[in-house]
Amino acid sequence: SIYEMFGNECCLSTGEVIKVIGFKINKLIASICENNEVSQFSAKVELPLNFPGLYKIVADKTPYVSIEEITRKVSIGPTRFGHPCFYSPEDIKLENFTIKHGEQISFNSVEEINGRMAVNCVVVRNNQSYSFTLPVSQEGKFYECEDDQIYTLKEIAEWKIPRCRNRIVKLSNTLHMWDSSNPLPENFDGCLILMPVYEVQAVMKFRKDIVHILSDLDVEVKDITDCYDISSFLQPLSLEDVFERTSMEFPMVAEIMEGPSGSQKPFNFLSPGKEIVIYKKYQAARVLASEIRSDSPKRHFLIPMSYKGKFKRRPREFPTAYDLEIARSEKEELHVVATKAFASTHKELFSVSVGDQFLVQQCQISEILYEGRKKLVDVLACEQILSDAYKKVLLPMYMEGGFVEVVYDKKQYHLSEICKEFRMPFNVKVSVRDLSIEEDVLAAVPGLQFEEEITDSYLLISSSSSPVESWEIPVYRLNMLVHLLSKDVQIVVPPVIKTTVEEISEEQYYMVRRYENQTLHPPPRPPKKPT
């Protein structure tokens, strides 16, 4: 049987031994959904996994009848996507713990305990986590919990579509302008039923690449797992698999089986067949930055602390007085110019005209007269800059106006200095490019907003044949497969690390911000007008 897949001809001869290493969703068939059913007017459309947009998952209303069924059909793993949540309509009494009906149970991992398979679970009560295990033999009805996170189609396909089930999703953000090539209706913001089309991933005895076989290929096969030495096959590992290895196992030599898709710089040198040294795994800091522009789409970057260029400050813009309070610091006075007028309805509070200039002082509580009664409100104390004097004024914290910063600071800063001395978001432009980078993409951007400092997972690698320089590669944003070689690492100390500014897509930008902000408490909402 000869077939062609992704431009590669593959021959499956009679007697060929194939080791199946996984099942993967190749594409999705989507239908517009009404009342959890396929709309009678909806045509089925084929969506590639890189189809743009962010989606919310609609909880599956069909229950699972046992923990065993959940482990068989739902992806449970060590990454942040692999912790699905379920609830039981009945109390579940364990040896020393009772799970209350309707309580959200997070399924974190599956492991063997005393010869029996069980799921490690967590329940949160009153901000306190309780850990316990559920045996896979546990029966009962388990319903999927509502999920308020947003996902790309690729993430949904990899983690959020249970085996033998379809998935309903709601479009949350299209991210891109609609055009005639888009298979969905213009301005569509409803729900879709996603039906997965699978492919089988396999390795062959004398091939070093991954073979992709569509699940509907007409080939007869026989299971010989119990009578064949499967250790003779290559063992493909994803970057996540490598990252889960213990630190003692590094450094290691690996051969790339599948490189990253496309020619994404600077990782386009990671081609199949290339041998690399993986020196270590670690968490590294990055500054998330976005291009300053009024129209979209904006470009987004992850900048390492090793970036050697310099930056000059650019004026920040503030939509409310509340934003001025967040941005002010003890280190320097915040000087702003009003770009939008505001008329106060209270004589104790100042009315702002376009062009008014202020030095921001501090937040305080002030007394105003409201409908004949005295009322305490949050205000921002400022000094208005007049031609020959300063006038103390109070701006209501709920004021929706517009301000732009006046920047006197002409100093050039390194990235580490900005992170240490200033509060983000912070506006800059590159004044001196990083000469160690062949093409510094930041230098061509007229303005950047540093949004926040994040921490992410990286592997440090170099070429095995010519280890002149090493690279940090992101574990969760680079799709590639490697297999480990039983070779000794010649140079244990990694060569000099090459600075890499990573440009990320808009979907990846939302993913980075989503997971970084999960650990942060949201800032308090600005005060409302007195009522």
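1. Helices (H or I, at least four residues) and strands (E, at least two) are taken as DSSP runs and numbered from the N terminus. The structure under review is a predicted model, in which local features need pLDDT of at least 70 and side-chain atom pairs count only at pLDDT 80 or more, while totals for chains, interfaces and linings use all residues. Residues are numbered from 1 along each chain as its sequence is written, and side-chain values use heavy atoms, with hydrogens and water left out.

2. Overall composition. The chain holds six helices and 34 strands. Of its 531 residues, 44% are buried, where buried means under 20% relative accessible area, exposed means over 50%, and partly exposed lies in between (1.4 Å probe, protein chains only).

3. Contacts along the sequence. A contact means heavy atoms within 4.5 Å. Among contacts between residues at least 6 apart in sequence, 68% join residues at least 24 apart.

4. Backbone points for checking. Most residues other than glycine have a negative phi, and most peptide bonds are trans. Two residues with positive phi deserve mention. C164, with phi near 65 degrees, is found in the loop between α2 (153-159) and β16 (167-173). C164 is exposed, because its relative accessible area is 74%. N114 has phi near 55 degrees and lies in the loop between β11 (105-113) and β12 (116-125). With 78% relative accessibility, N114 also counts as exposed.

5. Cis peptide bonds. The bond from F250 to P251 is cis, with omega near -5 degrees. P251 belongs to the loop between α3 (239-243) and β20 (252-258). M424 and P425 are likewise joined by a cis peptide bond, with omega about 5 degrees. P425 sits in the loop between α5 (415-421) and β30 (426-432).

6. Strand β21. Which strand is largely enclosed by the rest of the structure? Strand β21 (residues 275-291) is, because 12 of its 17 residues are buried. Strands of a sheet pair through backbone hydrogen bonds, either parallel or antiparallel. Here two strands are said to pair if DSSP finds at least two bridges between them. The strands β21 and β31 (residues 448-463) pair in the antiparallel sense over 15 bridges, and R286 stands opposite I454 in β31. Five bridges connect β21 with β22 (residues 300-304), again antiparallel; A289 has F301 of β22 as its bridge partner. Antiparallel pairing also links β20 to β21, through four bridges, with V253 opposite V277 in β21.

7. A six-stranded open sheet. Six strands form an open sheet in the order β24-β29-β25-β26-β27-β28, with antiparallel pairing. At its edges stand β24 (317-320) and β28 (390-396); each has a single partner strand, so one side of each is left without a neighbour in the sheet. Neighbouring strands of this sheet are turned by 40 degrees against each other on average, direction ignored; axes are lines fitted to C-alpha atoms, for helices over the stretch in contact, and angles run from 0 to 180 degrees between N-to-C directions. Within the sheet, β25 (residues 334-338) and β29 (residues 400-405) pair antiparallel over three bridges, and A338 stands opposite F403 in β29.
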